[in-house]
Amino acid sequence: MMEIYDARYCEDMGDGHILKWMTQPHEIESYAALTSNVFKTDAQAPDNAFIAQHSREICASDHPLGDTPHGAIVVAPDDTVVAGAVLQRMPMDYAGIRLHVGRPEIIATAESARRRGYVRALLKLLHAKSSARGDHLQGITGIPYFYQQFGYRYAIDYDGYATVAFADVGPPAPLHAITLQRATPDDYADFVAWYDADRLQRGLLATTPIDASYFRYIMGTSQSTHNWRIYLALHEQQRIGYVIIGRANWDQQLVVHGCAFTRGYGWAHTLPALMQALAHIRSDVVIRDPQIHEITGVRFILDSQHPLFTQLTYGVAHTREPEYAWYVRVADVAYLLNTIKPVLERRMRHSALAGYSGQSTWSFYGEGVTLHWDAGTLTKVAQARVPRNGEGCDATFPPHLINMLIFGRKSVQEMKEWHHEVWATPTCKQLLDTLFPKAPSWFHWLN
Amino acid sequence: MVSLAQLTADTLTYPHPLGDGYHLRWGTPADADAYAQLATGAFFLKEEHVANPNVAGYAYDLLSDRHPLCRAHDVAVVVDKHQRLVAAAALMRQPLVYQGIPIATGRPELVCSEATVRNRGLIRHVMHALHRKSAARGDLMQAITGIPHYYHQFGYTWSVDHKEFLRIPLAQLPALPATAPAVTMRRVTTADFALFAAMYDADRQHRGLLMTAPYTLAYFQHLAEHSRSSESYLPYLCRDQHDQVVGYVLLGRRNWGGVVMVPGFGVAHGQHMLQLALPMLHALSDVLGAVPKVLESHAEAHTVDVQIDGNHPLSTICTLLHIPQQRQAPFQWYIRIADVAAWLWHIRDALAQRLATSVFAGYSGTLRISTYQAGYALTWQNGHLTHITPLVLPADVDVTYPPECVAQHVLGWRSLAELRDWRPDVWASPSATPLLEVLFPKQPSWLLWMN
């Protein structure tokens, strides 16, 4: 029997509609047309050419995060795509361990084809493919609430937001002025040195590594307005840091997705200088919305712990919005824990449980996992058959909720305060607290 | 098995066939002994490996037709083809007041089935019947304290803290100072209701609590004179050396492994808990020995679990007086609100009060709420909720809650910011956020079991 992740797989969805993998150029074009219609800014607006361009890029063979086949589609009897989604590869750095993330993206269904279970069918294929290629998890930043039904839980921090108007920040002292220079594909080494220092030296748990191929792709090949531009910051002709900027506007703001400077350039001095430099390059930003005529400020979309957010509280007029979070799906907890074993052993080694030996079984109300420890070494992690209500287990979690713990978003105690079914023996609670300390993340989109 | 849809279509005809010879019907007092027997087996004590004698009296009470919060016909029972009772659950009436407004609340309780009939969906049918009955009699919500995780499938979510307590070993109490009042305890009689109610009502009304459970004379009398249940508790009056009533204690009716529950612990008007807490705890030692053990093998009573839901002052007093205690995290009430609009409409006076004392005094406007599955437009005029109309989704709204978060917010369990932090699919517009914070502030509750 053919596996559903096989590129030849197809399934009858009724009424002449077929679920299949997207393999043909005309299917990609039809999918792009679908996304351009579904993601119109409003019903009267013209089709969204920007998302169509982005859809084509993701499905192009030279996209460094793409895969073959690119995604799953439902086609109507006339061969038009009425629903579709792609599965991107997203690299993740989890405390020094590289994890593979499958990211279902640009999920679209024609209005006339909704409420037929097509998204459920599309995700079934994408999840199977993601699992078959060895992804540890799937992550989505999508429609609130909707994806919970597919086993996703809000488990990884997804960026804080602050908006600052150019007019509300005074000019920098002349000595601190900086300029921004658009990076070229050859600037990867300089960029990644600052970028990696930024993501690795601030106590962040899950971050997004950017490798050379992706950097060169977005700085060279990509035309998508959903991607970034990367700038290098200069002070007195010396390169002192990096700034990542969205290619397109967000309302009347340009968007900063990342920025850091060499030690010695503190935010108290560099924030006014950065704002001034950003004002100078605002004409680089593509304004997608015809109602917007001017870029008047900056929207900072950074991890919630970013020092810039603290600096804003010292006399800078700004507005903040609550953080969102990544939906995370982990189909095989044992596989994930096996992969991050060195991290778990390191945490154990530096804790009061150093040298721990024992076996710990956790129930997820239906499934479970058992960890075997010997003198501080995680010798085995395996899926476990557990009683339905977790009787006899060392800890219980509602299904999928452990994702929040593994990715440091919430502690066991916090989870217990929200879900009475979260329970652990005193020994196991100490073990869980040791293995999964609460920690912020900065895991951002790579488009 | 009969599907739920079939049951819904003909739900008012009982006994209702469930297939395979099983029938669902409402209980009669003649079922009381069978329910008691079913419960003792269903709540089998695994550790001790014996049937649970503790729930027998409780089950009997619920089906005896003498319980003021549950009549026999409020108990759904499933019988097999031999008319043997194999599954059952009661729908109690849980007394509940929300900021002065009584809210009719159904409480499914003592839900049980025989081990041999499980995994056939019988409890799903029972719960469905209870929910329909609850709605038919005008209940605006249902509350249950039951098996973790299990009741989510029936639309319940954790929404109210319950049974946070201080575990106090009485042998380790500090000695009484010579100047301390000499407190003794006496079990109440029906004649003590007014005295007790005055203290209990003051306790629940003066601690900034949102939801509480008032006593009625009928329930008080039931506890004092009729109840067989060891799952309930008895009011005791505390008297000082001048025979003046200075406080009250609700004392559990069972000793489980040496521990006895104390769900209520309060003082009379004009008295000070700081002065009386230690003498009252000492006085408990004198009555603890009379509390029956659940099993003969259990230890003599030596410890009390004093319930401190709703910021009870005993917590601070224990610190001040160096009373050894161990804090136990709260259990939680599962809550189900099937008709959000009806529920909000019922508490409109409380909402108007909150607006009147806020920056939104005199507010007029519309607040559009989505629960992702249903939408409501709340129209306000001069600070009063004038009507609630359904919204067809998708629509522009001011706030969205996942369905399971509505009760958590409107019952004061979590603030909007806390909900948003936990569940980023809770969203409110910048202008609706302060209004929602005023309408539904975080506030503790003390919602006692009324067993």
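**Domains, a helix, cores, interface**

I looked at domain spacing: the C-alpha centres of domain 2 and domain 3 of chain B lie 38 Å apart. I took the bounds for chain B as domain 1 (4-144), domain 2 (165-332) and domain 3 (339-439); they come from an automatic or database domain assignment.

I noted that this is a predicted model, where local features need pLDDT of at least 70, side-chain atom pairs count only at pLDDT 80 or more, and totals for chains, interfaces and linings use all residues. Residues are numbered from 1 along each chain as its sequence is written, with chains lettered from A and ligands numbered from 1 in the order written.

Next I checked helix α4 (residues 122-136) of chain B. Helices are DSSP runs (H or I, at least four residues), numbered from the N terminus. Just after α4(B), B:Gly138 takes a positive phi of about 95°.

Which residues have the most contacts inside the largest nonpolar core? I found A:Tyr242, B:Tyr35, B:Ala59, B:Val78 and B:Val126, in a core of 233 residues. A nonpolar core joins buried Ala, Val, Leu, Ile, Met, Phe, Trp, Tyr and Cys residues through C-beta atoms within 7 Å. Buried means 20 or more other C-beta atoms within 10 Å of a residue's own, placed from the backbone. B:Val126 is also among the buried residues of α4(B).

Last, I looked at the interface: 14 residues of chain A are in contact (C-beta atoms, placed from the backbone, within 7 Å) with 16 of chain B.

Conventions
Buried ≥ 20, exposed ≤ 12 C-beta atoms within 10 Å, placed from the backbone. Helix = DSSP H or I, 4+ residues; strand = E, 2+ residues; numbered from the N terminus. Contact = placed C-beta atoms within 7 Å.
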